Amino acid sequence: VATTTLFGLGSQYSDRPSLEVLVSGDQAGVVTLSAFGYFPVGCIDLSGAFGSEQAKMEETTNVLPKVTKVCLSADLQCLVAVLRFDQVRSGGDAKTSSYRVVTVDTQLLNER
């Protein structure tokens, strides 16, 4: 797992009981959200975040972007992820990394 963070939604934000959401990102660019760390509540595939640039990179590397950092807002309405795409040239000597910051509207989580 590339990154794992636990976020809590307490009574100061809502009349609902306290909720903790574990947010984790993996080596394939997928972010998973779990209530209390045990019960899956959502999964977001961000592996296509590099678009056409990624398609060109995959021709030489065949590697997906990795989630290096993920953060969920306290009100559960916004998720921010930092993705890294490593490109190794065919000779294996030169390695370059590209980064993208992706924001996702997760307002639906707050409504549930």
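L76 lies in the loop that runs between β5 (66-72) and β6 (78-88), in a model that is predicted. With a relative accessible area of 5%, this leucine counts as buried, because buried means under 20% relative accessible area. The backbone at L76 has a phi near 60°, a positive value in a residue that is not glycine. Most residues other than glycine have a negative phi.

A positive phi also occurs at F36, where the angle is about 55° although the residue is not a glycine. F36 sits in the loop between β3 (30-35) and β4 (39-45). Its relative accessibility is 42%, and F36 is therefore partly exposed, the class that lies between the limits of 20% and 50%.

Charged side chains come next. How many salt bridges does a search of the whole structure find? The search finds one, and it is formed by the side chains of D86 and R84, with an N to O distance of 3.1 Å. The two partners fall into separate accessibility classes: D86, at 8% relative accessibility, counts as buried, whereas R84, with a relative accessible area of 22%, is partly exposed.

| Residue | Relative accessible area | Class |
|---|---|---|
| L76 | 5% | buried |
| D86 | 8% | buried |
| R84 | 22% | partly exposed |
| F36 | 42% | partly exposed |

These local features belong to a protein chain that has two helices and seven strands. Read from the N terminus on, the elements follow the order β-β-β-β-α-β-β-β-α. Of the 112 residues of the protein chain, 36% count as buried, and L76 is one of the residues classed as buried. Among the contacts in the protein chain with a separation of 6 or more, 41% are accounted for by residues 24 or more positions apart.

Technical notes:
Residues numbered from 1 in each chain as written. Predicted model: local features only at pLDDT ≥ 70, side-chain atom pairs only at ≥ 80, totals over all residues. Heavy atoms only, no water. Helix = DSSP H or I, 4+ residues; strand = E, 2+ residues; numbered from the N terminus. Buried < 20%, exposed > 50% of the residue type's maximum accessible area, 1.4 Å probe, protein only. Salt bridge = Lys/Arg side-chain N within 4 Å of Asp/Glu carboxyl O. Contact = heavy atoms within 4.5 Å.
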